[in-house]
Amino acid sequence: FLTVSTPKAQDLGAEGGKFDYYVLATFWPAGFCHEQQQQANLSPFCQHTEDLAQLTLHGLWPQYSTAKNDTWWPMYCDQWSRCTNEQDPSCQLKQAVLDQFSSPWKEYAPLYLYRSTNDTNDAAHHFALHEWLKHGTCQHRKIASQEYFCRRA
């Protein structure tokens, strides 16, 4: 098992492509939803019980071999550091990317298809957007979201 601790500081705006290896992070939805239920903060994802029974992909994360800026991973790299709140319209994933990957996400990473709130007007696929902005932007300086998700699909 891999244990990931919360960093003291964040390596926001690090230079993309400057990391040592990848971590393929998986996710046990039933455990996540149980924890959410205990905190009375149930995610909309947890209402879809058909997606809770299998281990799923969480993300492909760049990592450092030794901590930099008190953290083990870069995040929101390069110009994407402005997108930490993930609400800025210029930070959103293109609809073509969402359309292209919705089928593989349904099978391997169903959480990517759900929004962060029950607001049906929220057009962003929150978890996919979160993974792209936090981790995908650090893969390589010139990589686009479509290529990032192709590597994972």
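Biologist: Which residues in the largest nonpolar core touch the most other members?

Modeller: They are L93, W105, Y112, W132, L133 and F149, in a core of 26 residues. A nonpolar core here is a set of buried Ala, Val, Leu, Ile, Met, Phe, Trp, Tyr and Cys residues joined through side-chain atoms within 4.5 Å. Buried means under 20% relative accessible area, exposed over 50%, and partly exposed in between, with a 1.4 Å probe and protein chains only.

Biologist: Which helices each supply at least two residues of this core?

Modeller: Those are α2, α3 (126-134) and α4 (145-152). The largest share, 5 residues, comes from α3. Helices (H or I, at least four residues) and strands (E, at least two) are DSSP runs, numbered from the N terminus.

Biologist: Before we continue, what are the ground rules for the model?

Modeller: This is a predicted model, in which local features need pLDDT of at least 70 and side-chain atom pairs count only at pLDDT 80 or more, while totals for chains, interfaces and linings use all residues. Residues are numbered from 1 along each chain as its sequence is written, and side-chain values use heavy atoms, with hydrogens and water left out.

Biologist: Back to L93, then. What does L93 touch?

Modeller: Leaving aside residues up to four places away in sequence, L93 touches L98, A128, L129, W132, S145 and F149. Contact means heavy atoms within 4.5 Å.

Biologist: Where is the kink in α2?

Modeller: The kink, of about 50°, lies at S102, shortly before the proline P104. The bend at a residue is the angle between axes fitted to the seven residues ending there and the seven starting there.

Biologist: And which residues of α2 are buried?

Modeller: V97, L98, F101 and W105 are buried in α2.

Biologist: Changing topic: what is the phi of Y76?

Modeller: Y76 has a positive phi of about 45°, although it is not a glycine. Y76 sits in the loop between β4 and α2, and it counts as buried because its relative accessibility is 7%. N69, also not a glycine, has a positive phi near 55° and lies in the loop between β3 (56-63) and β4 (74-75).

Biologist: Is T56 buried or exposed?

Modeller: T56, in strand β3, has 4% relative accessibility and therefore counts as buried. Not counting residues up to four places away in sequence, T56 touches T26, F27, P29, Y108, A109 and P110.

Biologist: How far apart are the C-alpha atoms of T56 and L111?

Modeller: They are separated by 8.3 Å, with the two residues 55 apart along the chain.
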